Amino acid sequence: MAEHLTKSAARNIFYGGSLFFFVIFVGLVAQSFHYATTVSETDPITPAVAHGKRIWERHACFDCHTLFGEGARFAPELGHVWQRYGGVDDPDGTRERLKDWIKSQPSRVEGRHQMPHFDLSETELDDLVEFLRHASTINTQNWPPKG
């Protein structure tokens, strides 16, 4: 074996490596597309969920809360708030409990940071809670990790 790399060998390694990683990239894109298509068919994003996300963004909830590990870590992670409030067993009761909790803010409990009061209509509250319900159904593959 030669002790130095010839020009043609370097070119072959470059083209071979480029082709190899391009094939890997195409495979990952195809797998991601298939997964996204499957998820969108099983639990589609409704207009209420989309409107709830716009409310989440308009009021900058991510300035304090995290959702799927994204956002500030000042207030609780809300990716599974639906389950924490009992949404699996009592969806209607959970919807009302979450709406009541949001409406009751700020709680004015001494020594706690206060969530601001957002003057949301009933439709906006319903859509925001529907967005949180939808977020809880997403398979995050255990992300963010609990530490």
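The structure is a predicted model, in which local features need pLDDT of at least 70 and side-chain atom pairs count only at pLDDT 80 or more, while totals for chains, interfaces and linings use all residues. Residues are numbered from 1 along each chain as its sequence is written, and side-chain values use heavy atoms, with hydrogens and water left out.

Helix 5 comprises residues 122-137; helices (H or I, at least four residues) and strands (E, at least two) are DSSP runs, numbered from the N terminus. The end C-alpha atoms of helix 5 lie 23 Å apart, in agreement with the 22 Å that its 16 residues should span at 1.5 Å a residue, the expected span being 1.5 Å times one less than the number of residues. Twelve of the 16 residues of helix 5 are buried (under 20% relative accessible area, with exposed over 50% and partly exposed in between; 1.4 Å probe, protein chains only). Among them are Leu125, Leu128, Val129, Phe131 and Leu132, together with Glu124, Asp127, Glu130 and Arg133. The buried residues of helix 5 pack against helix 2 (47-58), strand 1 (66-67), helix 3 (81-84) and helix 4 (91-103), where contact means heavy atoms within 4.5 Å.

Lys99 is located in helix 4 and counts as buried because its relative accessibility is 4%. Beyond residues up to four places away in sequence, Lys99 touches Glu122, Leu125, Asp126 and Val129.

Phe20 belongs to helix 1 (residues 7-42) and, at 48% relative accessibility, counts as partly exposed.
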